[in-house]
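Please look at the sequence and the structure before reading on.

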Amino acid sequence: MMSSESIISPWFPEEKWVVEIKDILENDKEAKEVLVSIFEVPEPLRSVNPAAYAPQLLAFGPYHHFRPKLYQMQRFKVAAALKAQKDWLVVDFQQLVAEMEKQEVQIRSCYQKHLYFQANTLVWMMAIDGLSLLKVLDCCLYYYKNLPDSSERNPFAEFSERYTDLDMILRDMLMVENQIPMVVLKSIADKWPGSDNLQIFFEFCEALSPLQLACKPPASEIVKHKHLLDLFYQSICPTYDRNSSFPIEKEDEQQDSTMEIIATPDCSVFEVRFQQPHSSVMLD
């Protein structure tokens, strides 16, 4: 008799496990190329405040996709995905899904939790959630850039007449269990004419960051990150060799100043120095 903690169940019988292991072995090289990058929050941490670690409005990816409370927003996501596909992509949904089928092993290997979904279900989920994430992100970015004082306007009016809480959506987009692998987002961007489409991710990070970010990375660097949250974290707290530093120039109409951040290798401690023409202040 199987333990209640076992993955073996009527929905995932032993025969299917054997098939999956054979697929992994046959695609061993491909599976190694993408390491686990989207983790479940540890139960001891989650139990302190479950709502702090779970999306409350929108689910992206397989961990929370079919939760009844969040599935109510499925039409919102499908509308966003359709708008993105029509406006941006040179392929239709079927062609995009067919392309993602080739990456199924890579997609599965990104997730810590075993994914019970059939291949067809998983790639359709990724196509819809990946496209809707991009469209929602684009709408949020446009809203912040062009209408910062218009609290009455619906940021998602392009594809939804329903007013949706922007802050809750932004919160859900940066949940660790709600991330979409960068391999999926890159696959979508490759079907989107233009050479710098992935810059939208960094611009989004810039808009939300509490600090001015050091530099704008090229698209070739953005795709090296695991997902949106990883890019956001690494942009604010990049990894440096010991004693490395980077300058951030701040424009000011009154006076010129430079902020320099000295980071330890693990980014656990920062020295922030503000230098001005006639005086300097050090904040540790």
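The model is predicted: local features need pLDDT of at least 70, side-chain atom pairs count only at pLDDT 80 or more, and totals for chains, interfaces and linings use all residues. Residues are numbered from 1 along each chain as its sequence is written, and side-chain values use heavy atoms, with hydrogens and water left out.

The secondary structure comes to 13 helices and 4 strands; these are DSSP runs numbered from the N terminus, with helices being H or I of at least four residues and strands E of at least two. Of the 284 residues of the protein, 43% count as buried, where buried means under 20% relative accessible area, exposed over 50% and partly exposed in between (1.4 Å probe, protein chains only). Residues 24 or more positions apart account for 61% of the contacts in the protein with a separation of 6 or more; a contact means heavy atoms within 4.5 Å.

**Helix H8 with helix H11**

- Helix H8 (residues 119-146) packs with helix H11 (residues 199-208) at an angle of about 45 degrees, and their axes are 10 Å apart.
- Axes are lines fitted to C-alpha atoms, for helices over the stretch in contact, and angles run from 0 to 180 degrees between N-to-C directions.
- H8 and H11 are therefore oblique to each other; angles under 35 degrees count as roughly parallel, over 145 as roughly antiparallel, 65 to 115 as roughly perpendicular and the rest as oblique.
- On the H8 side, Leu134, Leu137, Asp138, Cys140, Leu141, Tyr144 and Lys145 meet Ile200, Phe201, Glu203, Phe204, Ala207 and Leu208 of H11.
- The residues of this contact of H8 with H11 divide into 10 nonpolar, no polar and 3 charged (Ala, Val, Leu, Ile, Met, Phe, Trp, Tyr, Cys and Pro count as nonpolar, Asp, Glu, Lys and Arg as charged, and the others, Gly among them, as polar).
- Buried residues in H11 are Gln199, Ile200, Phe201, Phe202, Phe204 and Cys205.
- The buried residues of H11 pack against H8, H9, H10, helix H12 (219-222) and helix H13 (228-236).

**Helix H8 with helix H10**

- H8 and H10 pack at an angle of about 75 degrees, with axes 10 Å apart.
- That makes H8 roughly perpendicular to H10.
- Met126, Ala127, Gly130, Leu131, Leu133 and Leu134 of H8 meet Val184, Leu185 and Ile188 of H10.
- The residues of the contact of H8 with H10 divide into 8 nonpolar, 1 polar and no charged.

**Aromatic pairs**

- The structure holds 9 aromatic pairs; rings of Phe, Tyr and Trp (its six-membered ring) pair if their centres lie within 6.5 Å, and planes under 30 degrees apart count as stacked, over 60 as edge-to-face and the rest as tilted.
- Phe76 and Phe159 form an edge-to-face pair, 5.1 Å centre to centre with 65 degrees between the planes.
- This pair links distant parts of the chain, with Phe76 in helix H5 (residues 74-88) and Phe159 in the loop between H8 and helix H9 (166-173), 83 residues apart.
- Phe76 counts as buried at 7% relative accessibility, and Phe159 is buried with a relative accessible area of 13%.
- Trp88 and Trp192 form a stacked pair, 4.2 Å centre to centre with 5 degrees between the planes.
- Trp88 is in helix H5 and Trp192 in the loop between helix H10 (182-189) and H11, 104 residues apart.
- Both Trp88 and Trp192 are buried.
- Phe66, Tyr71 and Phe117 are linked into a cluster by ring pairs.

**Thr164**

- Thr164 lies in the loop between H8 and H9 and is buried, with a relative accessible area of 3%.
- Not counting residues up to four places away in sequence, Thr164 touches Leu57, Met73, Phe76, Asn154, Phe156 and Ile169.
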